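Please look over the protein chain shown here. The text below starts with the chain as a whole and then turns to one pair of helices.

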Amino acid sequence: MTTMSQIEAVLFVVGDEGISLEEISYLLELPTAKAYELLNTLKKRYEQDEHSALNILEIGNQFVLSTKKNFAPLLKKYAQSPIANNLSQAALETLSIIAYKQPISRVEVDEIRGVQSAGSIQKLAAKQLIEEKGRVDGPGRAILYGTTDYFMDYFGLKALDELPDIHQMEEEINEELPLDLFFDRYKDNELLASPEEKKEPEEEE
């Protein structure tokens with residue numbers, strides 16, 4: 001396991017929120033200058049490798065592992081295709097947590113679920129069900145996520161206070177309910193299609 005591969009692993013895990021140079025230096029116990037040198041070396045390696053779809057972006061003081069721009073049409077096509085219509089259980093859990101706890105950071109979602117949620121968040125954002133709502137005040141400036149108008153439209157909500165009261169339902173049936181209870185009835189493929197795929201039902205003659 002090389003230092004370069006460790007940096008790559010960290011960038012992958014933190015997802016689209018990125019990580020600062022100082023945080024990488026701390027995690028890998030490297031001088032800041034050395035960490036920056038390795039990041040740039042890895043970035044150049046990606047840029048020069050035509051067989052790699054990856055790239056490293058420096059946004060402000062954050063480093064983000066991303067895909068190269070020329071892959072954008074392919075990834076957009078995937079996000080809007082029937083292949084990506086179904087939301088996994090992990091994505092549904094993540095969506096329900098964001099809906100009830102918004103605005104919320106990815107790290108907070110991870111803490112609630114007990115597992116890493118970067119992939120689910122990226123898929124939900126690609127399907128326009130969640131969006132960036134701001135940044136956390138403090139080190140790292142983590143992204144805060146919330147639901148979109150498209151989410152409200154698809155789930156037939158006029159306001160977030162129309163979401164079922166989980167605590168009340170727990171009391172009524174006297175057992176703990178999962179955070180994704182509300183979404184159990186929304187697993188139909190058509191309902192979770194992308195905005196471009198949503199169509200009005202044909203009227204009966």
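**The chain and a helix pair**

Of the 205 residues in the protein chain, 38% are buried, meaning under 20% relative accessible area, with exposed over 50% and partly exposed in between (1.4 Å probe, protein chains only). This is a predicted model, in which local features need pLDDT of at least 70 and side-chain atom pairs count only at pLDDT 80 or more, while totals for chains, interfaces and linings use all residues. Residues are numbered from 1 along each chain as its sequence is written, and side-chain values use heavy atoms, with hydrogens and water left out.

The protein chain holds 9 helices and 6 strands; these are DSSP runs numbered from the N terminus, helices being H or I with at least four residues and strands E with at least two.

Two packed helices are described by the angle between their axes and the distance between the axes. For H1 (residues 3-14) and H2 (residues 21-28), the axes come within 11 Å and cross at roughly 125°. Axes are lines fitted to C-alpha atoms, for helices over the stretch in contact, and angles run from 0 to 180 degrees between N-to-C directions. H1 and H2 are therefore oblique to each other: angles under 35 degrees count as roughly parallel, over 145 as roughly antiparallel, 65 to 115 as roughly perpendicular and the rest as oblique.

Where do H1 and H2 meet? Thr3, Gln6, Ile7 and Val10 in H1 are in contact with Ile24, Leu27 and Leu28 in H2, contact meaning heavy atoms within 4.5 Å.

Confidence is given by pLDDT, the predictor's confidence in each residue, from 0 to 100. The chain's mean pLDDT is 78, and 76% of its residues reach 70 or more.
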